[in-house]
Amino acid sequence: MEITTSRFKENASGALGDSNLQAAMRRATGSFLSRRSAAVADQGDFEALRAYCGAVKAHTLEYLDHYLEQLVDRVEALGGTVHFAADGEEAVRIVTDLAVANGVRTVAKSKSMLSEEIHLNEALEAAGVCPVETDLGEYILQIDGDFPSHIIGPALHKTKEQITQLFHEKLGTAADATVSELTAAARRILRRSFLEADMGVTGVNFAVAETGTIALVENEGNIRFSTSLPRIHLAMMGIEKIVPRMRDLPAFLNVLTRSATGQKASSYISILTGSRRAGEPDGPEAFHLLIVDNGRSSVLADPKLRDVLRCIRCGACLNSCPVYQQVGGHAYGWVYSGPIGAVLDPGLLGLEETQMLPHASSLCGACGEVCPVKIPLPELLVEHRRRAVERGLAPRTERLGIGAYAFIASRPILWNSGTTGGRVAARLLDRGGSLKAGWVPGLASWLKERDFPAPARRSFRELWRRGLKDRA
Amino acid sequence: MNRDAFIGRVRQALGRAPGDPVAAPPQPYIPEVPVSADSGELVARFGAEFEGVGGQLHRAESVEEAREILDRLLREHQVASVLITDEPLVQVVTEPLALKEAEDPADADAGITGAVCGVAATGSLVLSSGVGRRPSLMPLVHLVVLESSAIVADLHTALERFGGDLPSGLVQATGPSRTADIEQTLTTGVHGPGSVQLILLG
């Protein structure tokens, strides 16, 4: 997918005008949020769990070199092969080389945001290998040439009517097929892919350093298929996916599924430790773990931003964000959207291309409150904004405006005469409690979509001076 | 990139040097499960959670009763051929029924398996690759036979049972395969079983 993070404004206004998208977003985020609330209330010690998971991730990141060494040692001891990719290009080369060297024609792919990040499917196709997305949402997107708009519900921006039409055209299902008929068609078609595939490619939800185990969370069963039937299983992970001990896993699985879909446990949690053992009737012959950096170590090196690498990709911050709820994931212009995208994308892609994203927030703080690993998202959004200004990336008008404000606000005489003058002017424009000033240059576009309440007749400073004296 | 260069870059990002000390990780915290260790309560909680996620629970007092239930379920689901694991309890229950095993696993109508244990907190079944991954995954109907003494409080307890010796694939399965990818409409039996029937013995 093309990166369009710098066109957030255009993307967002397009999204706001799309009534299908608006309806789909309202339904999806509302349903995710209410299910999450119920699941969180059900786990009495959820706050303690959040604090614990946040602390474990912070600790793991602080000593990540140690835990990477441990993980790699364990996976190799189990007979697995570990590959290291500095960037996306190297990562896709490793996967395609492995596929080609092993005569792989079909790859059964399970949802992985990392694979979207590095454009894996395009590279596999170019190498003559057919990647089949097997998560239903991802499959819908693949046959439509679309890309995910949400970490958990990749196709939630599409309505049922759009999907029915798509399946009718591409797969020949009935023009009025029900959701269960559409699902049954996908089951039938994808089952063939699982049987044909020589390689299963998955992401990683958690990698346990002490045992070399990876844990994968899903509801459909496509991950179980991808990791059971093909003779090769390749799992790819960013460096930040590690937890130190097996005993940490239950807590993380608990907060992940409750935060993501509001389930106490998702349908299937696969806890995979190496490839098929002697005496086991089935399973992959070879296990490969691909560990990808792709900008993460530079985020790690930044003590202020490091916390963003705690993310376990639950999507709760997306659902809770009033901006995401309106514009959807595509507007952000890259794989990671919503508040986590607005904080992570500048770290991975650079602030030059992405400085609009931290502004796609009202700083209401909802994202920080739902984050299951306590990433201080609102603070990090402000940090990116501050850096954009420092590095001269903020728009000229913003810099001039804030500069002028700083100049006036730090000089009491200018400030007092300015606010007095402003109130006098406002009185002239006051129409029933709000200002009508659409004709004032520079204010027109602001006022088009907002009410501007008329200022009080007396300023706070004035009331303070008088009122306090009167009362004393 | 080779291992040393790759991890070296991470180490440098952290301002650490090889062999630098590592602080102890936070004390493990196991999520609270408000259920007592009393076996009756464990089974009751398990049953409620299991049915809550869409599983169907059948209680049997004896192996014979388990077999009768299984036989009835196979007929109800019009099962022609099955996949069966070689676990002792499964074998004892199924053997006299002389079921037809599917030649190609892809054609089986039902899979009959045991489970390592049941997890009361979430109504889950823990399945091990030791007995094969296909029987619990490929057919549309999954039939499980389990002793009620094999129910534990939570996933942590289930994992502890393995000590350090984990099988290559452990699955915590909670209810049937499901998706909500089309307009948040819950649909079961996407890739894995659409129906999970548990015969709990004892």
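User: Is the crossing of helices α9(A) and α10(A) left-handed or right-handed?
Analyst: A crossing is left-handed if the near helix is turned anticlockwise from the far one by less than a right angle, and right-handed if clockwise. Helices (H or I, at least four residues) and strands (E, at least two) are DSSP runs, numbered from the N terminus. For α9(A) and α10(A), the crossing is left-handed.

User: What kind of model is this?
Analyst: Residues are numbered from 1 along each chain as its sequence is written, while chains are lettered from A and ligands numbered from 1 in the order in which they are written. Side-chain values use heavy atoms, with hydrogens and water left out, and local features need pLDDT of at least 70, side-chain atom pairs count only at pLDDT 80 or more, and totals for chains, interfaces and linings use all residues, the model being predicted.

User: Which word describes how α9(A) lies relative to α10(A)?
Analyst: The axes of α9 (residues 160-171) and α10 (residues 179-196) of chain A come within 11 Å and cross at roughly 40 degrees. Axes are lines fitted to C-alpha atoms, for helices over the stretch in contact, and angles run from 0 to 180 degrees between N-to-C directions. Angles under 35 degrees count as roughly parallel, over 145 as roughly antiparallel, 65 to 115 as roughly perpendicular and the rest as oblique, which means that α9(A) is, relative to α10(A), oblique.

User: How many nonpolar residues does the contact of α9(A) with α10(A) have?
Analyst: Contact means heavy atoms within 4.5 Å, and here K160(A), I163(A), T164(A), F167(A) and L171(A) of α9(A) meet V179(A), L182(A), A186(A) and I189(A) of α10(A). Ala, Val, Leu, Ile, Met, Phe, Trp, Tyr, Cys and Pro count as nonpolar, Asp, Glu, Lys and Arg as charged, and the others, Gly among them, as polar. By these classes there is one polar residue and one charged residue, and the number of nonpolar residues is seven.

User: Which strands stand at the edges of the six-stranded sheet of chain A?
Analyst: Two strands pair if DSSP finds at least two bridges between them, and six strands of chain A form an open sheet with parallel pairing in the order β1-β10-β7-β4-β2-β3. Each edge strand has a single partner, so one side of it is left without a neighbour in the sheet, and these strands are β1 (81-85) and β3 (130-133).

User: What angle does the direction of α5(A) make with that of β1(A)?
Analyst: Helix α5 (residues 88-101) of chain A also packs on the sheet, where it touches β1, β4, β7 and β10 of chain A. The angle between the direction of this helix and that of β1(A) is about 145 degrees.

User: How many residues of β9(A) are buried?
Analyst: Buried means under 20% relative accessible area, exposed over 50%, and partly exposed in between (1.4 Å probe, protein chains only). Both faces of β9(A) are covered, with Y268(A), S270(A) and L272(A) on one side and I269(A) and I271(A) on the other all buried. Of the five residues in this strand (268-272), the number buried is five.

User: Which residue of β8(B) is the bridge partner of L272(A)?
Analyst: Strand β9(A) is joined to β6 (residues 213-218) of chain A by five bridges in the antiparallel sense, and there E218(A) stands opposite Y268(A). With β8 (residues 169-173) of chain B, β9(A) also pairs in the antiparallel sense over five bridges. In β8(B), the partner of L272(A) is G169(B).

User: Which strands stand at the edges of the eight-stranded sheet?
Analyst: This open sheet has mixed pairing and the order β8(A)-β5(A)-β6(A)-β9(A)-β8(B)-β5(B)-β4(B)-β7(B). Each edge strand has a single partner, so one side of it is left without a neighbour in the sheet, and these strands are β8 (242-243) of chain A and β7 (151-152) of chain B.

User: Is T211(A) buried or exposed?
Analyst: T211(A) lies in the loop between β5 (206-208) and β6 of chain A, and, leaving aside neighbours within four places in sequence, T211(A) is in contact with R74(A), L78(A), M246(A) and T273(A). Because the relative accessibility of T211(A) is 14%, this residue counts as buried.
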